[in-house]
Amino acid sequence: MNAVTINDRSLKEIMNAPETLALEPSNDPMPTARRTPLLETETGKRFIEGVLNLAKAAFPPLLGILFFVALWALVANTNKSIPGPVETWGAAVVLFSDPFYNNGPNDMGIGWNILNSLYRVGLGFGAAAIIGIPLGFMIGRFQFLNQMMSPIISILRPVSPLAWLPIGLLVLQKAEPASIWVIFISSIWPMVLNTAAGVQRIPQDYMNVARVLNLSEFKVFTKILFPAVLPYVLTGVRLSIGVAWLVIVAAEMLTGGVGIGFWVWDEWNNLNVAHIIIAIFVVGIVGLLLEQGLMLLAKRFSYD
Amino acid sequence: MQSYVQIENASMVFNTKKGKFTALTDINLNIDQGEFIALIGHSGCGKSTLLNLVAGLLDATDGVLLLANKEIKGPGPERGVVFQNHSLLPWLTAFENVYLAVEKVFGCSETKAQLKARTSAVLELVGLTHAANKLPGEISGGMKQRVGIARALAMEPKVLLLDEPFGALDALTRAHLQDELMKIVAATKSTVIMVTHDVDEAVLLSDRIVMMTNGPAATIGEILTVDLPRPRERLQLAHDPKYHALRSEVLEFLYSRQMRPKEAA
């Protein structure tokens, strides 16, 4: 009974909370209004304009989140096995207040789980980059190699990442390197293909410049090939890291160990649904941050 | 005296999907040192192909091309090329774009300070000192083309090859750059081959105008000597009957004897 009343109250709270959030920007002129002389200055006007622009930009996303949370609350209200937003929020606060505790390998903080997953992704993805990017350069530069590799890549690329897991377990004998292997093999293709496409699309003009100047191979690479292909490489890297992060959850569910994917499975066995929902958000937010970070990096190297 | 650039019986055949395509046949042309040659013709007549043969970006199927009595084999920095669309590297500043060429040509024999001084000097020559540290994306089309010219000049080439260098510019910028080019060429006494489809440009700038027949299998139709005294002044020439006579002679060739072939479709 108690739980139900909390649920009902939480629903009201949720319905109200984001609304006040959405209204917050329009409340902002109030504190500035108190400092009336400031408002009339140029900085004051610019400040108000900035706040209004921010409100305009923030309103649609906030409305979207509000709708999503409302829908979630509605579903949680009809199906009692799914915890509502407030209950989940409470569990998340508890979880993140001590993210780095360690009670043995089967009971570690959420922070350790995330870091372990990132570590595996980093290793598998890093190895894929070290091999995939130079391979892409060579495939793009040499037509023969391109023709040689294209049937292999065409066949291997569409294979579901987890289909590689048994091979990894068989060859590497251990769960940990096997999951890194799965990350490696599934995240290498976007980098190979994008790098190769970038090399093939270098404008002929740039290569003519290199020929007229008689530049050495080293100069051609550092001054023309590399900067011209870099945006393509970064696109490949971005796609790859997306794939790697997608795959890690599934791979860890199968291989176990410390990691966000295994943690989801563990919490399912404990029937702790709130933690599963938290894990979904954590995976989503970490993936978003990885992608946005690389987008920022890519912008830095775009010359169009 | 032997000519500086000699082109003897040059021809160019491309292998295309539809079989062989003869772009140029029987090209014979001798160019003296310090001469300014304009190549003019309708589009598709192979004038850029001819320029690329001299640049060494293409190898002639037949015939011989000589520069200062040496056969032209492949591209080289003694033939500075200014490309149609400037071809600057977008990740390097104007200074770095020019420096790349300077370093290549003089890097072995000069110190870094000398190389930098050279680069600055040539940028000053084209009036771009203020934009030296800007990226190509940050400067106008005319300025980009000037950087392209600076890059070619910086190599102190034996021959300067210009492939429709002002084609993509507006009329006012083009006139301005033509005047600057005349000054630069007068100062450096460069040998120049320039592809153009602008009759006024050809008459204004060149010592001889090489008029090409229509492709396929294009060749040199006529060579017109432009004996207008230098330095030439755009405004004075506008009232010069000799200028108009030369101009109409080129127009006559292009539009009466070499009418643009009607498209089959």
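This is a predicted model: local features need pLDDT of at least 70, side-chain atom pairs count only at pLDDT 80 or more; totals for chains, interfaces and linings use all residues.

Of the contacts in chain B with a separation of 6 or more, 70% join residues 24 or more positions apart.

Next I looked up the secondary structure of chain B and found 8 helices and 10 strands.

Then I checked the overall dimensions. Along the principal axes, the C-alpha atoms of chain B fill a box of roughly 55 × 45 × 45 Å.

I moved on to where the two chains touch. Chain A brings 13 residues to the contact and chain B brings 16. On the chain A side, α10 (204-213) and α11 (217-255) each supply at least two residues. The largest share of that side, 7 residues, comes from α10(A). By class, I have the chain A side down as 8 nonpolar, 2 polar and 3 charged residues.

My last stop was a helix pair in chain A. Helix α12 (residues 260-269) and helix α13 (residues 273-300) of chain A have axes that come within 9 Å and cross at roughly 165°. An angle over 145 counts as roughly antiparallel, so α12(A) is roughly antiparallel to α13(A). The crossing of α12(A) and α13(A) is left-handed. Among the residues making this contact I found Trp263(A) and Trp268(A) of α12(A), and Ile276(A) and Val283(A) of α13(A). The contact of α12(A) with α13(A) has 8 nonpolar residues, 1 polar and 1 charged.

Notes: Residues are numbered from 1 along each chain as its sequence is written. Chains are lettered from A and ligands numbered from 1 in the order in which they are written. Axes are lines fitted to C-alpha atoms, for helices over the stretch in contact, and angles run from 0 to 180 degrees between N-to-C directions. Helices (H or I, at least four residues) and strands (E, at least two) are DSSP runs, numbered from the N terminus. Angles under 35 degrees count as roughly parallel, over 145 as roughly antiparallel, 65 to 115 as roughly perpendicular and the rest as oblique. A crossing is left-handed if the near helix is turned anticlockwise from the far one by less than a right angle, and right-handed if clockwise. Two residues are in contact if their C-beta atoms, placed from the backbone, lie within 7 Å. Ala, Val, Leu, Ile, Met, Phe, Trp, Tyr, Cys and Pro count as nonpolar, Asp, Glu, Lys and Arg as charged, and the others, Gly among them, as polar.
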